[in-house]
Amino acid sequence: MSYMVGMKCRECGRTYPKEVVFVCEYCFGSVEVDYDYDSIKKVLNRDVIEGRAKSLWRYRELLPIDGEPTVGLTSGYTPLLKADNLAKELGVKELYVKDDSVSHPTLSFKDRVVSVALTRAKELGFDTVACASTGNLANSVSSLAARAGLRRYIFIPSDLEAGKVMGSLIYNPNLVAVDGNYDEVNRLCAEIGAKYDWAFVNINIRPYYAEGSKTYGYEIAEQLGWKVPKHIVVPCAGGSLICKIQKAFREFQKLGIIPEEHTKFYAAQALGCGPIVNTIKEKSDIVKPVKPNTIAKSLAIGNPADGYYATSTVLESGGWAEHASDEEIVEGMKLLAQTEGIFTETAGGVTVATTKKLIEQGYIPKDESIVICITGNGLKTQEPLVGKLGAATPIQATLKDFEANFASKIEHSLK
Ligand SMILES: *Cc1c(COP(=O)(O)O)cnc(C)c1O
Ligand SMILES: [Zn+2]
């Protein structure tokens, strides 16, 4: 049973059948999936959700598929940690980390969007999937499409981290390293997509793909004990995730699954690529494209597809935005690791550093609940840490040499 009614233009409201539609023919606005919420309300509640397997498909009525889920059956339902050590460090009372650095199977939140996109691509009859990616999407499409038996073409900028390239190649996709930045890769993919009958997960089937991000928001609400946080800090690339977390909270409220409470949204980007943050700080609604130059390559989209919507999500919620420099990003990665034991990628460093600044500047109050979004794993982005972490202490294989190096530190624990 599907509760997906069709597609709806986010600008003029014109409706379309649930096929491959991603821009409105009338106003060129982007389209979104539309659901029959009255019918969903009759079948979906906390008990039903809690009785299901711990994967992102436990919210299936709110996802854009017609039949049974077929891809990513074990993705989602990552931990939400109460981060007391980090909270103490930042001087706040109640802080949580939603940790998609351990997402199955490819260690980033992109497994959510890809699970949904590929399930839908199969329903729509595609045998080939493709994407334009800053790295994590490449890994996820490569992996999940391998298992689903789909042909795959993955387009990335040629300067990605070794971990992200290897993390795609192992699944043997057609991996195409384009001489250009993400925005140029994306432009090329739009051209290829116009000629070949492929499902580009983040282009022609983007409306379906984007819905997968809502599961990150549903899980936060469920894991907080069926309520929303007062504040949430979200790393932004194309700007879709932040909008979809808000959509998830609103849907749960509309369905009576959680109480109506207000959440303020905060956008986190790198100083070297912050078109959404720039727009928010200017309180503008025109997103000016930038040329990316940052170690946070997974967020390096200079011309974000959902930049306008991300900006209005933040401003209408009463939230704010901040940038993190490359140095602050590395400090943020170290801080999260050393307080909470989580090794996140550069994007997570952006989130932690931004949160710290927003608290220091008084935008986020110290006594209200805060969730920070950790969306990727640090093993994939090791390059910026080289030379920044000290080194292992080399010794001979003797007790004498060990003690010679550590004498002052271990004296007090002698038997
Ligand atoms: C893609 C990505 C994001 C942001 O996603 P958008 O929906 O494009 O804003 C955040 N974090 C990581 C690690 C990502 O790979
Ligand atoms: Zn329209």
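Is Trp 198 buried or exposed, and at what relative accessibility?

A: This is a predicted model, in which local features need pLDDT of at least 70, side-chain atom pairs count only at pLDDT 80 or more, and totals for chains, interfaces and linings use all residues. Residues are numbered from 1 along each chain as its sequence is written, chains are lettered from A and ligands numbered from 1 in the order in which they are written, and side-chain values use heavy atoms, with hydrogens and water left out.

Trp 198 has 14% relative accessibility, so the residue counts as buried. Buried means under 20% relative accessible area, exposed means over 50%, and partly exposed lies in between (1.4 Å probe, protein chains only). Tyr 153, at 25%, is partly exposed.

Now for the rings. Rings of Phe, Tyr and Trp (its six-membered ring) pair if their centres lie within 6.5 Å; planes under 30 degrees apart are stacked, over 60 edge-to-face, and the rest tilted. That rule gives 14 aromatic pairs. One of them joins Tyr 59 and Tyr 218, which is tilted because the planes stand at 40 degrees, with the centres 5.0 Å apart. Both of these tyrosines, Tyr 59 and Tyr 218, are buried. Tyr 153 and Trp 198 form a stacked pair, with 4.3 Å from centre to centre and 10 degrees between the planes. This pair links distant parts of the chain, 45 residues apart: Tyr 153 is in strand 7 (residues 151–157), and Trp 198 is in the loop between helix 7 (182–195) and strand 9 (199–200). Helices (H or I, at least four residues) and strands (E, at least two) are DSSP runs, numbered from the N terminus. Ring pairs also join Tyr 153 and Trp 198 with Phe 155, Tyr 196 and Phe 200 in a cluster.
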